Amino acid sequence: FVFDPQTKNIIQHADWKNCGAPFSPGSPLWRGVDGKIYATLGKNLLQIQDDFSVQKIGDLPAPITAGGVLLNGRFYFASGAQLWSIVVEK
């Protein structure tokens, strides 16, 4: 949701319940070098659009349990004791 601190109102919201469940303690959000915001939910790698909808970028090969870093066109994350990296298409 988007909260306006001046009016103390929620001015916009988006429903992501069909995108998957966040991992504990929460789903990481980060800004890519392209200026877009990315997220992971379940086994999905998502790009947040300007209208706060999400575009699925791809499926993760394993459930994410930690991390979430986009660096030089690759997404790095941990699944249990394994470190994974996948190429993110632009």
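1. Accessible areas here come from the Shrake-Rupley method with a 1.4 Å probe, and for residues only the protein chains shown count as cover. On that basis the chain has an accessible surface of about 6100 Å². Carbon and sulfur atoms account for 56% of that surface.

2. Ground rules. This is a predicted model, in which local features need pLDDT of at least 70, side-chain atom pairs count only at pLDDT 80 or more, and totals for chains, interfaces and linings use all residues. Residues are numbered from 1 along each chain as its sequence is written, and side-chain values use heavy atoms, with hydrogens and water left out.

3. Secondary structure. The chain has 9 strands and 0 helices. Its pattern along the sequence is β-β-β-β-β-β-β-β-β. Both kinds of element are DSSP runs, numbered from the N terminus: helices are H or I with at least four residues, strands are E with at least two.

4. Of the 90 residues in the chain, 27% are buried. Buried means under 20% relative accessible area, exposed means over 50%, and partly exposed lies in between (1.4 Å probe, protein chains only). A contact means heavy atoms within 4.5 Å. Take the contacts between residues at least 6 apart in sequence: 23% of them join residues at least 24 apart.

5. Four-stranded sheet. The order is β3-β4-β5-β6, and the sheet is open with antiparallel pairing. Edge strands β3 (29-31) and β6 (54-59) each have a single partner strand, so one side of each is left without a neighbour in the sheet. Twist averages 30° from one strand to the next. Angles run from 0 to 180 degrees between N-to-C directions, with axes as lines fitted to C-alpha atoms. Two strands pair if DSSP finds at least two bridges between them.

6. Inside that sheet, β4 (residues 37-41) and β5 (residues 44-48) run antiparallel and are joined by 5 bridges. Leu41 has Asn44 in β5 as its bridge partner.

7. Gln55. This residue sits in strand β6. Gln55 is partly exposed, at a relative accessible area of 39%. Beyond its neighbours within four places in sequence, Gln55 contacts Leu45, Leu46, Gln47 and Gln49.

8. Three-stranded sheet. This open sheet has the order β7-β8-β9 and antiparallel pairing. β7 (66-71) and β9 (82-87) are the edge strands, each pairing on one side only. Here the twist averages 15° from one strand to the next. β7 and β8 (residues 74-79) run antiparallel, joined by 5 bridges. Leu70 stands opposite Phe75 in β8.
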